[in-house]
Structures are given as structure tokens and as C-alpha cells.
There are 2 protein chains.
Amino acid sequence: MSAWKAYVSSQRERYLAELKELVRIPSISALPEHSGDVVKAAEWVAQRLIQAGAENCVVLPTSGHPAVYADWLHAGDDQPTILIYGHFDVQPVDPLELWETPPFEPEVRDERLYGRGASDDKGSMLTAILGMEAVLKSEGKLPVNVKFCIEGEEEIGSPDMDAFLAAEKERFACDLVINADGGLWDEDRAAILLGLRGLCDIEVTVTGPKSDLHSGLHGGVLNNPIEALANLIATMRHADGSIAVAGFYDDVVELTAEQREAINLIPRDDDKLKSELGISEFFGEPGYNSRERAWIRPTLELNGIWGGFQGKGTKTVIPSAAHAKFTCRLVADQEPKKVQQLVIDHIRKHTPPGVKVEIKASGSYAFPYLMSPDHSGNQLAAAILTELFDGNEPFQSYVGGSIPILTYFRQHLGADTVSYGWGCGDENLHAPNEFYRLKNFYRGIEGYGEILTRLKDWQPA
Amino acid sequence: MSAWKAYVSSQRERYLAELKELVRIPSISALPEHSGDVVKAAEWVAQRLIQAGAENCVVLPTSGHPAVYADWLHAGDDQPTILIYGHFDVQPVDPLELWETPPFEPEVRDERLYGRGASDDKGSMLTAILGMEAVLKSEGKLPVNVKFCIEGEEEIGSPDMDAFLAAEKERFACDLVINADGGLWDEDRAAILLGLRGLCDIEVTVTGPKSDLHSGLHGGVLNNPIEALANLIATMRHADGSIAVAGFYDDVVELTAEQREAINLIPRDDDKLKSELGISEFFGEPGYNSRERAWIRPTLELNGIWGGFQGKGTKTVIPSAAHAKFTCRLVADQEPKKVQQLVIDHIRKHTPPGVKVEIKASGSYAFPYLMSPDHSGNQLAAAILTELFDGNEPFQSYVGGSIPILTYFRQHLGADTVSYGWGCGDENLHAPNEFYRLKNFYRGIEGYGEILTRLKDWQPA
């Protein structure tokens, strides 16, 4: 056993104590009253990085919550620079009454650490710091250059990280990002994340009469804005389930047969999924199964609709206006702004007679993300994860949602991201009784020691 | 000049003073804190009926606000019994700051009496009592038997009058109803109301997944309830504007060519209407103009829709459910319950895949109302109104809304209703600065004296 692995084995008690210490800080980024706690968590991480041997450590302000930078850059110019990403902010805890033990009083039960943020992402984030520390303390140096970008806004969608990374691109310059906010497939099997969907949004307001009208006086005479909006929505999808917006699929990258095969190697239980969702049947784009529709195909979804009377009983009004919110989930190489414009064009073209349409958008976008399983970073991660998980090869997975920061890393730093974290989907992330499996916490520390060691002489693919 | 007309001419000052007295009572039926005032107005009306010579006067309780009954039944069994209808309750007054003088401090300006309820319906209701009084005081008797039904719930939709009239059908038994809550076409021309639309309602809930879902995780996989609801709504109307619910128009009585012609004799300014409503074009059932669509054709209107996220910004949710409220405006001989069932059948038949539909209804209905212009009551009223308005024949008009009590009179008493009131549509009914033209107040008193006199020997057509 190498020296650093022996070190890792010897430090488990301390590692757990430290993770508990961090979990005790209620760093809820969504709640203004916890802003000070988010700063406290940033300072804790900074101190821990310094203690681990990182240098140039700073808590950097953003327009929102701060981010922590640190580095160790003595591996030489011929060695790659690896940026490790994670976050120290956590989700809110309500409903509090459903927690078996208080969310910020971490407790070990059945080899699991219970507490808000234990899994997402304080535990996995810490594995990266501790893995680096183990190698550095044992060997006196790292084989590669390492930087850290640990943020405090992930749970609110990283609203300031785009501008922050754009402004700090030299400080964070790197060859590859390792994302400690990734996750396992299940407790005994890892996953290599290859793609995420992007996002654009549109809010449409259909206006008819200039004020609400009495349906007795005027019903039948004019186009009802609610009905006009419904008709407009009905034009957006073909009966077969595919999106009817012209050009919507034009830039979609079709996965190779091998890539689709890899997706379908992962066990899938459609009946169980239907039962979990509470639906009688799936509905969506033909030619793709439920997993493919969620992972590798774009969609347009209604997120909200409103107009007129919503109270109890009857109010015979023709409302002046009706509103709907849409988002499109996008896949590579769809450009969010371009797809948004296609949808706007569709709405303009299909605006029903006698009403006006007004379109708003948040102005924020997420780019879809796609990486090849053959990317050398993914291949290295896959090799290590296979060893760490007793020969179980990691699945090739995709996520239907977006992690905007991966796009910012690519856009501002020119670096791809390997997702490499240790939480499991069943660990009550974002829910009461979040927990983290300690066996994967310790496995993760070893995983980080291993990948930092084996990235020596790594070249971007 | 007959004795009773001379009497009417001599009493104007007292008539005005009495109307002011009644307007001072803030009998707002919609506001529980004014319940006592509604009772006060009922008692005022009862006293005034007794003073006018009516007999058997009682303030009758209902499940809500009371109604006043009185009669004068000494014309003999061979003479018809006429039931006069009106109401003493009024609309709320907000926004109070827009009133030039306080709503319950009546004031005459420019030969108009300003005050809440002056026009709707205290003024017109009083013309009937005063008209009867003039004949009775001058002649010592009436040529016909007269009953009064003056209610206190009209402005809240007469919720208790159905049950009340059903229970009191003997007391209110009559041959013809004269409705003092009717109105003029404009200040110089009357209108004979021939039809009103009925109403039925439906609330539909489309349920997809058993809880709200993250559109990133599941978007594209299942039918989105908002979209399913929009698609369902889109099936309800043909592109040409007609309602697509099978059987919807089956029971509609087509008016005769003469009746339609009479409607179109009334001046109509479509450009002005469009500008008032703030719409660029009309939309509705082909083959009918804007007035016909509102007056004599049925429609199905969306009154409200809601589901998912309605706040600021973006929330990428697929909601568990979406909801819509509809009402149908009906014309003779459509039966509200039957049409409601047709719509329900349509919804069941067109329910999109993968979602469930749940249907609710208020359980209250309004029947459409239709009378022929040739009805002898209408013909008598038209003759008198032509004389009273300097030779201007009244228009034959319809109302797109419903007045449920007319249906109850027909259902429980077997009597048709002649609308015979003196308010104008521009008198700020239901709005600040309601007023009543005094010339039509005095004209109305004469009109009631005249019609009671000329109903002698009247026979149901």
C-alpha cells in the first residue's frame, strides 16, 4: 500500500469529525438570514485548504455569496493543471418536523452521516481536499498542479458564477475540471456523466380586451384570451409527441449507436417509474424510450399557466389576459438563444386572431453539455471507479437538468469537466433526513488521491 | 287629463323626497355588515306599499335577505292578477373615492338624482308603487288585481329566490309579471326585452404525475397537465369560431327573419364597440354579427385557468395538475343540465393520453329566457312606451346575461315577465356616481299608472 493510502486509512476518525464540523454550519444559500453562515462555511473551507497544504487561498467576493480559491502549483509547467470544483452551500431544511435528528446536528446511524449537506455537497467536496492532503502530506508534493473553485451559490443556481468566472479566468485557468458535486449510480456503482440538458425560457401573455369583461354581455363576440392561449399552446407539439416548432430539432446531435446502447445497458424499470410518478402511460417524442427522452432529447415544457378567475365558485368573466411560462430543455448542439427565437417565431406565426401576444424571457440561459465517453479524463475516471467499486464499471449517464457552471468552465476556461463525486440519488438530497454513506466518503478520499496521482502527464484529448 | 295623471303631476316634489329617503338606506346586500340596512329598506318599502293602499303587506324571511309581499286584489276574479317585481338592495360602493358626493347622501344635479341605487333599482321599483298609488288614490280602485314581490338579493344573484318562490307559489300566483328592474334603450327610447341567456358551469382538473416534477429530470417523458389541458380546450371550438361540442347547438331556437331584422334595426357601431373593448377584431360563430352573437347565440367561455408556477422568474416544474373554469351561455331551448352533460361528454372523449380528468360543477344553473315580441303583454307595453317616448317605438332587445328570477317566475308561477323599467345603461349602475334621470322617474310613474289601467281585461296570449 502506498504511503498516502495508508495515511487515508489512518485518518478516518478525524475525517468524520471534520465533516461533522462543516455540516454544523447552516450555510443555506437561499435564505438571506443565513448569509453569514455561508461566509462561515467559506472560511472553514479556506482554513481546511490551507491546513491541507494548499496555497494562495482566498475567499473571493462575488455579487452574491463568496467562492473559495486555493492552489498548489509546484508540479511543473509540463504537468496539467486540474481545477477541483465543489460547493459548501446547502438547501433549506423545511419541513423541519420531518427530520429525525436536527439537520445541523450531524449524527452517525448505520454507517451513514445524517445532516443537511452531508451528501450534497459538503461530504464529496471534502473528499477532494482530503485526497489532495493525503498525497501532499505523504509524498511532500503532488504529481499535478491543482486549483480549487469551491462556491457558495450552487443550491440557488450559481447566479453569479458566470460573471465571476468570466472576470477571474486567469486565476482559474486550467486544463481539466474535476467536479466533486457529481454522484454515483448507486452505492456500489459509479457513473460517468456525459451530458446535461440546457435551458431557455419564455413567458407569453395573450391579451384580448383591455379590461375583464362580463361573459354575459360579451361572451361569444371576441376571442377569449385563455382560449387563444390554449390554442397557441396546442400548436406547439404534434399529436405524436414531438415538438412542432419549426427547426426545433435542427441542431440536435444524435448519439452514436454505441452511446445509445451504453445508456440502455443501465437497468431501467418503466413500470416502477410510472408508478413512482403516478402516471398511467408515458408520452413524448416517438422513437425514444423514457430514459432517452429525459436524458438525450430536447423538450418544451409548460411550467405555469394563469388567467381569469381561480377562486371558489363561478365568476362569469372573460379575462383581459392569460399567461403561460415555458422552458425548453436542450441538448447539444442546440443554442439556447436560437431555440428561444424559434419558439418566439412560432408564437408570432400562430398568434390567434383578435388577441395580442407579448413575450418576456428571464435573459438567463443554460447551454447543453455533452462529452464523449472516450474523453481521456472520462476514461481515466472510469478506470479508477471500476477499481474502487470492486470491478463494477461505471455506467455512462446523462442528466435531464442542467448544471450551469459546467458551461461556464467550458466557456470561460476552455476546460471540460469530469464529474467525480460520491453521493447517491437516494440520500435525500434537498429533502429531510439527508445522509451520506461513510463507506463512500472514505472511498471518495481515496478516489481523489488516486486521480490526482494518475493525472500525471495527462494531456487534453 | 285623467284624475290620476293630474295627481302624478302634482306630487313630484314628494316623490323625489321619498326616493331620496330610500336611497339614504345603505342596503348593500353583498356586505354582511349591511344586512340590517337591507332589512331597513325592506321595512321602508313595506310601509310605503301600505301607505299607497296595498294590503296584506308582509316582510317575508328567506334564507338570506327578506322579500316584501303586498297586494290589492279587489278588481274581481274576471280580472288578471299582475305581479310587480323589483328590488331594494344595492351594489357595494367601492371605490368610494371616485364618488363626487357620498353614495348614500342623494343629491340632485342637472335633473339627475345621484346616489347608489337611485337608478338600480330603488327609483324604478318606486315608480311601480307610486303609479299604483296614483290610480288607487284618484279612482278609489285598480282595474286589475296587483301583487308585489320586492326582493333584497338581486345584486347578489337572488340565491334564495328559487326556493322562496317555490315555497310561496300560492301567495305570488299571478297571470303576468311586470319587472320594474328593466331598463330603457337610452334616455329617449325604451326597449322591450325579449330574451336572456342561460348559464351552466364546469370546472375541469387535469392531473398528470402525483406530485410536481422537476422538468430537468422528467421533462419529455410524460404528458404535461398544462399542455394536456390546453389541448383539451383547443378541441372545444372549431377554427371558424363555432363550438365543437357535439350536439351543442341542437336545441337552439333560431329566431324568425323578422325577429333578427328587429335586432338589426337597433343602431350598432362595431368600430366603437371594438374600440371600447380594446380589441382589433371580433371572433365568434360565423353567420352572426357581434350583437347576434352576444344576444341570441350560445357560447362557451373560459373564465379562469391555472396550474404550476405563476411567480416572477423561472421555476422548472412540471405541475401535478392544471385547472380551468368554463361557463356556457345558453339560449332557448337549450337546457343547462343537458348542455353541461354534452360538454362533460366532450371532455371525457377528448381527454389526452396519460392524464386524468376530474370535473366539478357549482350545481346552479340559469335557464335561457325567450319571449315573442307578439306576446300581448309586450305589445301593450310597447304601445304605452311609444306614447310615453314621443312616438319612438321601443327597440326589441335581448341580454347576453341571465336574470335568474325571470326563470323562477316562469317555473314556479307559470307566468311570463314583461320588463318595464326606466333606468339607462349609462347611469353608472354598479359604479361610482350612479344617477337616475328624474324625467324618466316621473315618466315611469305615469307608465305604471297607464299599464295597470290598460291591463284591464288582459288575457294571457
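A residue is called buried if 20 or more other C-beta atoms lie within 10 Å of its own, exposed if 12 or fewer do, and partly exposed in between, with C-beta atoms placed from the backbone. With 16 C-beta neighbours inside 10 Å, Ser35(A) therefore counts as partly exposed. Ser35(A) belongs to helix 3 of chain A, residues 35-52. Helices (H or I, at least four residues) and strands (E, at least two) are DSSP runs, numbered from the N terminus. Tyr448(A) is 413 residues away from Ser35(A) along the chain, and the C-alpha atoms of the two are separated by 30 Å.

The model is predicted: local features need pLDDT of at least 70 and side-chain atom pairs count only at pLDDT 80 or more, whereas totals for chains, interfaces and linings use all residues. Residues are numbered from 1 along each chain as its sequence is written, and chains are lettered from A and ligands numbered from 1 in the order in which they are written.

Chain A has 14 helices and 18 strands. Its C-alpha atoms fill a box of roughly 85 × 50 × 45 Å along the principal axes. The radius of gyration, taken over C-alpha atoms, is compared with a globule rule of 2.2 Å times the number of residues to the power 0.38. For 461 residues, a compact globule would have a radius of gyration near 23 Å; the 25 Å of chain A agrees with this. Buried residues make up 54% of the 461 residues in chain A. Two residues are in contact if their C-beta atoms, placed from the backbone, lie within 7 Å. Of the contacts in chain A with a separation of 6 or more, 80% are between residues 24 or more positions apart.

Chain A is assigned domain 1 (3-196 + 368-454) and domain 2 (198-253 + 280-360). These bounds come from an automatic or database domain assignment. The C-alpha centres of the two domains of chain A lie 38 Å apart. Six residues of domain 1 of chain A are in contact with eleven residues of domain 2 of chain A. On the domain 1 side, three of the residues that touch domain 2 are nonpolar, three are polar and none is charged. Here Ala, Val, Leu, Ile, Met, Phe, Trp, Tyr, Cys and Pro count as nonpolar, Asp, Glu, Lys and Arg as charged, and the others, Gly among them, as polar.

Chain A superposes on chain B by a rotation of 180° with 0.2 Å of shift along its axis (RMSD 0.2 Å). The two copies are thus related as by a two-fold rotation axis. The same surface serves both copies, as 100% of the contact residues of chain A recur in chain B. The superposition is by least squares on the C-alpha atoms of residues with pLDDT of at least 70 in both.

At the interface, 64 residues of chain A are in contact with 65 residues of chain B. Several elements of chain A each supply at least two residues to this side, including helix 7 (225-234), strand 11 (299-308) and strand 13 (321-330). Strand 11 of chain A gives the most, with nine residues. By class, the chain A side has 22 nonpolar, 29 polar and 13 charged residues.

Strand pairing also crosses between the chains. Two strands pair if DSSP finds at least two bridges between them. Strand 11 of chain A pairs with strand 11 (residues 299-308) of chain B in the antiparallel sense over five bridges. Gly308(A) has Gly304(B) as its bridge partner in strand 11 of chain B.

Within chain B, three strands form an open sheet in the order 15-8-16, with mixed pairing. Strand 15 (369-370) and strand 16 (395-399) of chain B stand at the edges with a single partner strand each, so one side of each is left without a neighbour in the sheet. Strand 8 (residues 191-196) and strand 16 of chain B pair in the parallel sense over five bridges. Ala191(B) stands opposite Phe395(B) in strand 16 of chain B.

Some backbone features stand out in the listing. A cis peptide bond joins Asp120(B) and Asp121(B), with omega about 5°. Asp121(B) lies in helix 4 (residues 118-139) of chain B. A cis peptide bond also joins Ala332(B) and Asp333(B), with omega about -5°. Asp333(B) is in the loop between strand 13 (321-330) and helix 11 (336-349) of chain B. Asn433(A), not a glycine, has a positive phi of about 65°.
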